[in-house]
Amino acid sequence: MMVFLGLLSSFLSFLYMIAPFIRKFFAGGVCKTNVQLPGKVVVITGANTGIGKETARELARRGARVYIACRDILKGESAASEIRADTKNSQVLVRKLDLSDTKSIRAFAEGFLAEEKQLHILINNAGVMMCPYSKTADGFETHLGVNHLGTGVTTYAVHPGIVRSELIRHSFLLCLLWRLFSPFVKSAREGAQTSLHCALAEGLEPLSGKYFSDCKKAWVSPRARNNKTAERLWDVSCELLGIQWK
């Protein structure tokens with residue numbers, strides 16, 4: 001038993017020694033474009049923390065006017081203040097948006113349209129995972145209501161990889177595993193690279209609606225490519241939300 005524990009301890013020590021090289025290997029793609037964004041308007045949901053915050057930071061650094069749309073205004077203002085100080089860009093703004101409440105979504109949209117004439121970049125970053133069973137203000141199960149109905153339809157779908165973020169805060173087991181394996185997983189900045197790539201890289205227009213991972217187009221299962229299923233999901237979603245598209 002002592003021999004086994006000794007070997008295990010040695011293995012774990014070695015694993016943590018090489019952790020930086022392992023994380024670099026799994027860090028994935030990097031957004032390489034140098035595009036600058038003066039005069040461009042950006043909305044990022046859930047940008048008060050994690051991947052969204054790092055995405056907002058980079059877009060602000062490139063000169064965009066960035067709207068941080070989040071449920072917790074105090075956290076949003078704290079993130080915006082940090083980003084403004086870091087990037088020297090004063091045009092980092094916070095607006096209330098609760099994706100679990102369609103009234104809040106409509107109010108945000110109306111307020112934004114009153115402030116801005118154009119929206120150049122929209123990044124639907126906010127989401128929830130493994131929440132205890134609950135319902136949104138409109139009576140939808142929380143994951144469906146926030147991640148699908150609240151977020152709506154995106155131009156690109158992206159997978160950031162395994163990232164250290166607050167997304168797993170509702171699971172004690174995952175929080176414990178994240179702490180244990182934190183040296184091996186992506187940082188929020190690394191996790192933001194695919195979102196930045198899809199928002200900034202030139203020539204991606206023909207790939208609209210595709211699925212991206214590690215800054216490149218990724219494989220999608222045949223079921224996810226089924227047009228009839230997609231149309232049915234669209235119709236059901238519109239019906240649930242009481243939306244009619246002409």
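Trainee: Where is the place of L196?

Mentor: L196 sits in helix 9. Bear in mind from the start that this is a predicted model.

Trainee: Why does L196 count as buried?

Mentor: Its relative accessibility is 4%. Buried means under 20%, so L196 counts as buried. The C-alpha atom of L196 is separated by 8.8 Å from that of V30, and these two residues are 166 residues apart along the chain.

Trainee: How do you know which residues touch the most other members of the largest nonpolar core?

Mentor: The core has 22 residues, joined through side-chain atoms within 4.5 Å. V42, I44, L59, V66, I68 and L200 touch the most other members. Two or more residues come from each of strand 1, helix 3, strand 2, helix 4, strand 3, strand 4 and helix 9. Helix 3 gives the most to this core, with 4 residues. As a general point, nonpolar side chains in soluble globular proteins tend to be buried together.

Trainee: What joins the side chains of E58 and R61?

Mentor: A polar contact of 3.0 Å joins them. The side chain of E58 also has a polar contact of 2.9 Å with that of R62. The limit for such a contact is 3.5 Å, and both values, 3.0 Å for R61 and 2.9 Å for R62, are within it.

Trainee: How do you know that strand 2 and strand 3 pair?

Mentor: Pairing needs at least two bridges, and 5 bridges join strand 2, residues 65-70, to strand 3, residues 92-96. The two strands run parallel. In strand 3, K96 stands opposite C70.

Trainee: What do strand 2, helix 4 and strand 3 make?

Mentor: Together they make a β-α-β unit, and the unit is right-handed. Helix 4 covers residues 73-87.

Trainee: Why is the pair of Y67 and F112 called edge-to-face?

Mentor: The structure holds 2 aromatic pairs. In the pair of Y67 and F112, the rings are 5.3 Å apart centre to centre, with 80° between the planes. Centres must lie within 6.5 Å, and planes over 60 degrees apart count as edge-to-face, so the name applies to this pair. Y67 lies in strand 2 and F112 in helix 5, so the pair ties together parts that are 45 residues apart in sequence.

Trainee: How many disulfides does a search of the whole structure find?

Mentor: The search finds 0. A disulfide needs two cysteine sulfur atoms within 2.5 Å. For C198, the closest cysteine sulfur is in C215, at 7.5 Å, which is too far for a bond. For C215, the closest is in C31, at 6.2 Å, again too far for a bond.

Trainee: What makes C198 and C215 buried?

Mentor: The relative accessible area is 10% for C198 and 12% for C215. Buried means under 20%, so C198 is buried and C215 is buried.

Trainee: Where is C215 found?

Mentor: C215 is in the loop between strand 6 and strand 7. Its phi is near 65°, a positive value in a residue other than glycine.

Key
Residues numbered from 1 in each chain as written. Predicted model: local features only at pLDDT ≥ 70, side-chain atom pairs only at ≥ 80, totals over all residues. Heavy atoms only, no water. Buried < 20%, exposed > 50% of the residue type's maximum accessible area, 1.4 Å probe, protein only. Right-handed = clockwise from strand over helix to strand, strands pointing away. Polar contact = N/O pair within 3.5 Å; in protein donor to acceptor, adjacent residues only side chain to side chain. Phe/Tyr/Trp six-rings, centres within 6.5 Å; stacked < 30°, edge-to-face > 60°.
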